[in-house]
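Please keep the viewer open while reading.

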Amino acid sequence: MRTRKLTALALFTALALAIYSVENLLPPVVPLPGIKLGLANIITLLALHLYGARDAALILLARILLSTLLFGQAMSLLYSLSGGLLCFVSMTLASRLLHRHFPELTSILGGISHNIGQILAALLITAVPGVLVYLPYLLISGIVTGFFTGLCARFALRHLRRLLPPG
Amino acid sequence: MNTLSKRACLLAGGLTALLAVCVSVLWLRQRGAQNAATYTAYIYQNGRLLHSISLDQVTETYRFTVDAAGGGYNIVEVSPTGISIAEADCPDQICVLQGRVSDSLLPITCLPHRLVIELNPQVPAPTGSSPDAIVY
């Protein structure tokens, strides 16, 4: 790994952590479990589109571990990992399918899978099938927030592709 | 149209369809939820039913505390018209922010404490024992 790229990845990790912690300070937009903006996903999207799946996975893992270490409980690690992993896998597949050209669509797919992963984790943890009622709300919120973070990534990519040549 | 934009269009179409399905499901649920006369509140912790409270037998608002397994608490407020979590020491406070629930559309969930409160329309007493109508 070239020093230039290593520095860029470290910077992305720090940015993701900062965005994640600031978002944690905001009050929930809609008081339903699992609904959040997911702004830190912008960084994962950027890394995925600039560098590819392996490096994006490194950033995501570093962010989840560091944020759990800094402000989390063990429980939220489980949620973050189950949602984050599912989200990451589907975003990788989507960005490959779309040749890294449509960050909005990739991000929406990620948002939906993140929320599906969370509802599955919630189902396992609470063992009450009634929590499935949240699913349509979570899907809608995943689509809306995913589109928004995807747009952010598109505008950032326009400049970053010039600043950070791949490699 | 090249394959790439075809794929993107297909995906966007699928996502729009999903959005439409979700919105219509919510709309149908909202419309279909006729106001039942009374509800029973079911309070689950770790999937185990802790309490069931028929709201029509509640005359006065009262509170009680549910202790979570790993430390922590939720204070549940029961009133004749609904149920809410008045106070909790969970980190996200989502259960408190959700406020009072007075229909069966959405349960209250406190994921950190594995607590779920559901309202279900009360099933009328079985009619087998009493006649539907008596004509003299």
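Predicted model: local features only at pLDDT ≥ 70, side-chain atom pairs only at ≥ 80, totals over all residues.

1. Every value below is computed from it.

2. Make-up of chain A. Chain A has six helices and zero strands. Read from the N terminus, its elements follow the order α-α-α-α-α-α. Its radius of gyration is 16 Å, close to the 15 Å that the globule rule gives for 167 residues, so chain A is as compact as a globular protein of that length. Along the principal axes, the C-alpha atoms of chain A fill a box of roughly 50 × 35 × 25 Å.

3. Burial and surface of chain A. Of its 167 residues, 51% count as buried. The chain exposes about 8100 Å². Carbon and sulfur atoms supply 75% of that area.

4. Contacts along chain A. Take the contacts in chain A with a separation of 6 or more. Residues 24 or more positions apart account for 75% of them.

5. The largest nonpolar core. In soluble globular proteins, nonpolar side chains tend to be buried together. Here the largest nonpolar core has 24 residues. Which residues have the most contacts inside it? They are A:Phe12 and A:Leu46. Five helices of chain A each supply at least two residues of this core: α1, α2, α3, α4 (74-97) and α6 (135-163). The largest share, seven residues, comes from α2(A).

6. A:Leu46 and a second core. Leaving out residues up to four places away in sequence, A:Leu46 touches A:Phe12, A:Ala153, A:Ala156, A:Leu157 and A:Leu160. There is also a second, separate core of 23 residues. Among its members are A:Val128, A:Leu138, A:Ile140 and A:Ile143.

7. An aromatic pair in chain A. Over all chains, the structure holds two aromatic pairs. One of them joins A:Phe12 and A:Tyr51 in an edge-to-face arrangement. The centres are 6.4 Å apart, with 70° between the planes. What does this pair tie together? A:Phe12 lies in helix α1 (residues 3-25), and A:Tyr51 lies in the loop between α2 (41-50) and α3 (53-71), so the pair ties together parts of chain A that are 39 residues apart in sequence. A:Phe12 counts as buried, at 5% relative accessibility. A:Tyr51 is buried too, with a relative accessible area of 13%.

8. Domains of chain B. Chain B is divided into domain 1 (1-32) and domain 2 (39-121). The C-alpha centres of these two domains lie 34 Å apart.

9. B:Ser84 in a strand. B:Ser84 lies in strand β5 (residues 82-88) of chain B. B:Ser84 is buried, with a relative accessible area of 9%. Residues up to four places away in sequence aside, B:Ser84 touches B:Ile75, B:Val76, B:Glu77, B:Gly99, B:Arg100 and B:Ile108.

10. B:Asp92 lies in the loop between β5 and α2 (94-97) of chain B. B:Asp92 is partly exposed, at a relative accessible area of 33%. How far apart in space are B:Asp92 and B:Gln57, C-alpha to C-alpha? The distance is 32 Å, and 35 residues separate B:Asp92 and B:Gln57 in sequence. B:Gln93 is found in the loop between β5 and α2 as well. B:Gln93 counts as partly exposed, at 27% relative accessibility.

11. Backbone angles to check. Phi of B:Gln93 is near 60°, a positive value in a residue other than glycine. A:His99 also has a positive phi, of about 50°, although it is not a glycine. A:His99 has its place in the loop between α4 and α5 of chain A.

Definitions and conventions. Residues numbered from 1 in each chain as written. Chains lettered and ligands numbered in written order. Heavy atoms only, no water. Domains from an automatic or database assignment. Phe/Tyr/Trp six-rings, centres within 6.5 Å; stacked < 30°, edge-to-face > 60°. Helix = DSSP H or I, 4+ residues; strand = E, 2+ residues; numbered from the N terminus. Buried < 20%, exposed > 50% of the residue type's maximum accessible area, 1.4 Å probe, protein only. Core = buried A, V, L, I, M, F, W, Y, C linked by side-chain atoms within 4.5 Å. Contact = heavy atoms within 4.5 Å. Rg over C-alpha atoms; globule rule 2.2 N^0.38 Å. Areas by Shrake-Rupley, 256 points an atom, 1.4 Å probe, with all protein chains shown as cover.
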